[in-house]
Amino acid sequence: MRTFHKAALTVLPLLALAGCGALQNDIDVALPTYSSELVVECYLEPGKLPSLAVTTSVPYLGVVLPQVPTDVTVTLTMPNGTLVPLAFSPNYRALVDTTGEKFHSHIGRDPLVARPGDVFKLDVRDTKGRQVTGTTTMMVPIPIDSVEYKFNDKTGPERKAYFLTNFRDPATPDDYYRLQLHKGDPAKGALLRTPESDISIQDRLLNGQALVVGTSYRFFAGDTVTATLYHTDAAYFRFRQSVRDARGANGNPFGQPSAIFSNVQGGIGIFTVLSGTRAMKILR
């Protein structure tokens, strides 16, 4: 586990005392020396070209844009032991456009073939001697049993529907899920845009039972809604939760720095296989 440490910059609120005027106390704070690490995000998906984003971490008060190193070599080890190099081919346009395309720094040539239980290994290294490694296993896809919706009893622009996604959790304990709902036509790139709903679920209280996940009244007649259910491992679930907590703490002068959970060694980041199923419904 790695922790992003906020630089020690403290602002002391001063009370403006009646008759005393404004008080000010400027303090110069010596920032600690920071050692940059490799940051890796790799989400493998069956049937898609394997890709990942390699950047470097920066100090809390450093630059905002990702720093993409150009001297990194990436190798993916397949379940049968075959070594697959991923070429350095960054799609920088993804950092500034609005299509929803995900940024990658390295990408493979052939679509990934993956089956439940397959184990993949990742090796990322640069010319400075930094090396990041990781191992992940593809989870068994969990089918979506059905999707349904129901409109309220209002009319006009106030007539909206909630959406339900139904699936059954397996009898094995400690299952984790990510459920996304996208609005729009998938053939026109709707799945690349920000989802209407994106939640993480664990089966701690509902192990082996049927699960029904619903939304508020937010959809309209004519909407096309696509539900994507990812069966994930615990590491990916913890990573997403830690990123959410870190975002919540960022910019909060009273918040404590939040640790980013990683399942890679030698750096920061996540390496996982997204094992998903989909169901689509047009609201009438």
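**Entry 1: terms and ground rules**
I call a residue buried under 20% relative accessible area, exposed over 50%, and partly exposed in between (1.4 Å probe, protein chains only). I am reading a predicted model, where local features need pLDDT of at least 70, side-chain atom pairs count only at pLDDT 80 or more, and totals for chains, interfaces and linings use all residues. Residues are numbered from 1 along each chain as its sequence is written, and side-chain values use heavy atoms, with hydrogens and water left out.

**Entry 2: Leu-95**
I looked up Leu-95 and found it partly exposed, at a relative accessible area of 37%.

**Entry 3: salt bridges**
I take a salt bridge as a side-chain nitrogen of Lys or Arg within 4 Å of a carboxyl oxygen of Asp or Glu. The structure holds 9 of these salt bridges.

I started with Glu-45 and Lys-48, a salt bridge whose closest N and O atoms are 3.5 Å apart. Lys-48 is partly exposed, at 43% relative accessibility.

Next I checked Asp-198 and Arg-178, which form a salt bridge with the closest N and O atoms 2.7 Å apart. Asp-198 is partly exposed at 29% relative accessibility, whereas Arg-178 is buried, with a relative accessible area of 15%. I also noted that Arg-178, Asp-198 and Arg-240 are linked in a network of salt bridges.

My last pair was Lys-128 and Asp-71, a salt bridge with the closest N and O atoms 3.4 Å apart. Lys-128 is exposed, at 62% relative accessibility.
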